[in-house]
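Biologist: I am new to this structure. Please show it, and then I will ask how the values are reached.

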Amino acid sequence: MYRLFLRTVFALLCLVAGYQASAQSITLVNPILTGFYPDPSVVQVGKDYYLVNSTFSYFPGIPVFHSQDLKNWKQIGNVIDRPSQMDFMGEQLTRGLFAPAISYHNGTFYVTCTDIDHDGNFVVTAKNPAGPWSNPVRIPQVRGIDPSLFFDEDNKAYIIYNSDAPDHKPLYSGHRTIRIYEIDPVTLKVIGEEKQLVNGGVDLSQKPVWIEAPHIMKRFGWYYLYAAEGGTSVNHTEVVFRSKSVWGPYVPYENNPILTQRGLPEDRKDPVTSAGHAQFVDGPDGKTYAIFLAVRPYEGDYYNTGRETFIAPVTWKDEWPIINPDTKEIQYQYKAAFPEVKQPGARPQAGNFSYTLTFEKSLDPALLFMRTIDSSSFSLSAKSGLTLKLKPETIMEMGNPSFIGKRQQHLYCTTETELNFSAKSEKEKAGLTIFQDERHFYLISKSVDQNKPVIQLYKSNPKDKGMELLTQMPLTNGAAPVKLRIVAEGGTYSFYFSKGKSWQLLKDKLDAKFLSTKEAGGFIGCLFGMYATSSGEKTTSAASFKYLKYSGNDPMFEKASK
């Protein structure tokens, strides 16, 4: 009887232990932010993590995400959310803000960034990472890109950045340096002289290119300087150096790079490529993790979802960090021994998911305008949804058209809206676009042809900054609402419309490579955009979008629950 009692107690203890173990485990799913969320930077403040990304010439700029488990992220604001801070009028969408870095010291959050064509390097600050953030403070002495701050144990602060080759005389294309200034964290002015820390990269004799996105951290009595190398495409890597002084000299790790997907078999299933631009952070379990960018191509180096935000574990070997130590390939899932903390009210960001955006009171903070925000050009209501005033500006120009976009976050996805709009002329168009940049997009829109209502499908013409009409179909009732749908399937897009319950195919399987980063160039990813234009003419017309429904179902993830 006593033995039976002991066995029962032992079994119960094992059951409790197993339950506790399962309650303390989490599956991190990559990418942790799907879609166009490049150049991630992360900071830990107590139990909280905050993450920012590049937005280039979209507005608002630099989203701020919050998490307590490195898996579930909720956007809590944007750093550049007021035109008085900054706008990007006249700039190509792939210019603007490059590579922000977020840090925290003595109750203040800092974001450093580069406005590549105008303001150069700057710092903004906030007491609350949700905002408001200060107006930018320019740092003209810091010449280059990708600045980040490091706060040492003696409260001294330093700004580290990518800069020109020594004496502005590059030995080869892509020859850059990493440099440092001390900086006053209160006045945000540099102190003393600039010093060069890294010339070219790990081994100058091998002509390394684009050493960039530097960060410094201190551990084991060492200062670790780590940075991206090789450019942001398929040769992207992360490399590390260390020194006993923040000023160097920095010695490279003999087994660099510490992260890359370069050289892996091209025919591997569901490949992740172009990994780099990393930042280290300690997880809730006290172990080190790397947050970095990578991409998911649907074929070769073709991807439309932009550069995304990934995570991988880090191990320390002989006091050197190694990212993703157990496998060469970045995994879509990692197990970790800490509890999951879901974010109330957060939009899903990882894996497959579906949701519908409605426009009764406010816009989701992830939605993007081109270059600035014109609050007079749109309105929100429970009855009509999002109403856009038609503007003369088009998405082929460098202004602020009536356009509000949502990132394409999956290779395979469906986006749908209901449009209420009656065109008064052939130049008036409103509809849904899948948009890469000013010269690479498709547009399904409602308009008129010879005073008769039609649904039209356009493809941009990169050579003449115009649009080519691919096909059109008549509408019997021009005043009735119409639904529009775009379906992405890896290398193709298909376009549908509906006048009621059934869907009608307008054009099937158009080339998605036309909208890929490889073909279009630049650094941004595709957006599904609600768009209304009068094509150069003034008008009083408006178009209403009742909702924006999005559903993603990529093969590397579990199917989304309905």
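Biologist: What is the accessible surface of the protein, and how much of it belongs to carbon and sulfur atoms?

Modeller: The surface is about 23700 Å², with 50% belonging to carbon and sulfur atoms. Such areas come from the Shrake-Rupley method with a 1.4 Å probe, and for residues only the protein chains shown count as cover. This is a predicted model, where local features need pLDDT of at least 70, side-chain atom pairs count only at pLDDT 80 or more, and totals for chains, interfaces and linings use all residues. Residues are numbered from 1 along each chain as its sequence is written, and side-chain values use heavy atoms, leaving out hydrogens and water.

Biologist: What share of the residues counts as buried?

Modeller: Of the 562 residues, 55% are buried, meaning under 20% relative accessible area (1.4 Å probe, protein chains only).

Biologist: What makes a set of residues a nonpolar core?

Modeller: Its members are buried Ala, Val, Leu, Ile, Met, Phe, Trp, Tyr and Cys residues joined through side-chain atoms within 4.5 Å. The largest has 46 residues, and Ile434, Ile444, Tyr493, Phe495 and Met530 have the most contacts inside it. A second, separate core has 44 residues, including Val240 and Ile311.

Biologist: Which residues does Ile444 touch?

Modeller: Among them are Leu432, Ile455, Leu484 and Phe495, leaving out residues up to four places away in sequence. Contact means heavy atoms within 4.5 Å.

Key: Buried < 20%, exposed > 50% of the residue type's maximum accessible area, 1.4 Å probe, protein only.
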